[in-house]
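Dear colleague,

Please find below the sequence and structure that I am handing over to you. My notes on the findings follow directly after it.

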Amino acid sequence: MPESRPDYLPPEVQEILLSSEAIERRVRELGRQLEKDYAGGRLKFVCILKGAVPFAADLMRATALPVALDFVAVSSYGAATRTSGVVRLLKDLEHPIEGEDVLIVEDIVDTGLTLGYIRELLARRGPRSLRVAALLDKFERRVAEVDVEYVGFRIPDRFVVGYGLDYDERFRNLPYVAVLKPDVYRGEGA
Ligand code: PRP
């Protein structure tokens with residue numbers, strides 16, 4: 001029996017928005033949904049580095065389907081927190097996706113610019129199907145319209161970290177999603 005311990009709460013955290021239990025439950029539901037939607041098939045997860053790593057790792061283990069894994073990296077945000085609107089491909093897929101059922105796995109959709117770029121890029125490579133799973137949807141901030149077929153949680157426009165999401169490369173390893181105290185990012189915006 002695993003030892004239970006209270007979640008570590010760094011002083012920069014204002015409040016926990018989504019507990020690790022809530023995330024685990026939702027990821028399990030999404031995993032079962034994928035099993036239904038792709039019954040008898042196999043999936044290629046395209047995980048967007050780096051924030052989506054914990055979500056992709058948990059989601060692939062929440063489904064009984066055969067899942068292959070590949071990665072892309074793009075740069076959209078700098079160390080600062082505002083979306084620049086400029087998306088650049090830093091690392092491409094290792095393998096072709098032609099004829100495959102592809103699921104893009106993202107941690108958060110904010111303006112939608114990153115996902116819009118990746119969806120278009122991958123669609124041009126002739127996958128059999130192309131869908132998106134995003135853990136978080138910050139819908140109020142959307143600038144580019146983009147389809148997201150599987151959403152974990154719709155969240156308000158607050159600065160969130162944890163479960164893959166960072167502030168200046170910190171807090172990615174928190175097992176929950178938390179709101180950062182505003183004085184930590186000194187009004188750079190969320
Ligand atoms: C974050 C997030 C999405 C993107 C969402 O990535 O993981 O990819 O921003 O923002 P958008 O909808 O406004 O485009 P980030 O550039 O912070 O990289 P990271 O995942 O490596 O932290």
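**Ligand site**

The side chain of aspartate 107 places an N or O atom 2.5 Å from an oxygen atom of the ligand, which falls under the term polar contact (a pair of N or O atoms within 3.5 Å; within protein, one must be able to donate a hydrogen and the other to accept it, and residues adjacent in sequence count only if both atoms are side-chain atoms). The model is predicted, so local features need pLDDT of at least 70 and side-chain atom pairs count only at pLDDT 80 or more, while totals for chains, interfaces and linings use all residues. Residues are numbered from 1 along each chain as its sequence is written, and side-chain values use heavy atoms, with hydrogens and water left out.

Threonine 111 also has a side-chain N or O atom 2.5 Å from an oxygen atom of the ligand. From the backbone, an N or O atom of glycine 51 lies 2.8 Å from a ligand oxygen atom. Of the 500 Å² of accessible area that the ligand has on its own, the protein covers 91% (Shrake-Rupley method, 1.4 Å probe).

The ligand is surrounded by 17 residues, each with a heavy atom within 4 Å of it. The closest are Glu106, Asp107, Thr111, Gly112 and Thr114. By class, this shell holds 5 nonpolar, 6 polar and 6 charged residues (nonpolar: Ala, Val, Leu, Ile, Met, Phe, Trp, Tyr, Cys and Pro; charged: Asp, Glu, Lys and Arg; polar: the others, Gly among them). Strand S3 (67–77), strand S5 (101–109) and helix H3 (113–123) each supply at least two shell residues; helices (H or I, at least four residues) and strands (E, at least two) are DSSP runs, numbered from the N terminus. S5 gives the most, with 4 residues.

**A sheet of three strands**

An open, antiparallel sheet is formed by 3 strands in the order S1-S9-S8, where pairing requires that DSSP finds at least two bridges between two strands. S1 and S8 stand at the edges with a single partner strand each, so one side of each has no neighbour in the sheet. S1 (residues 13–18) pairs with S9 (residues 177–180) over 4 bridges, and S8 (residues 160–161) pairs with S9 over 2 bridges. In S9, alanine 178 is the bridge partner of isoleucine 16 and also of valine 161.

Yours sincerely
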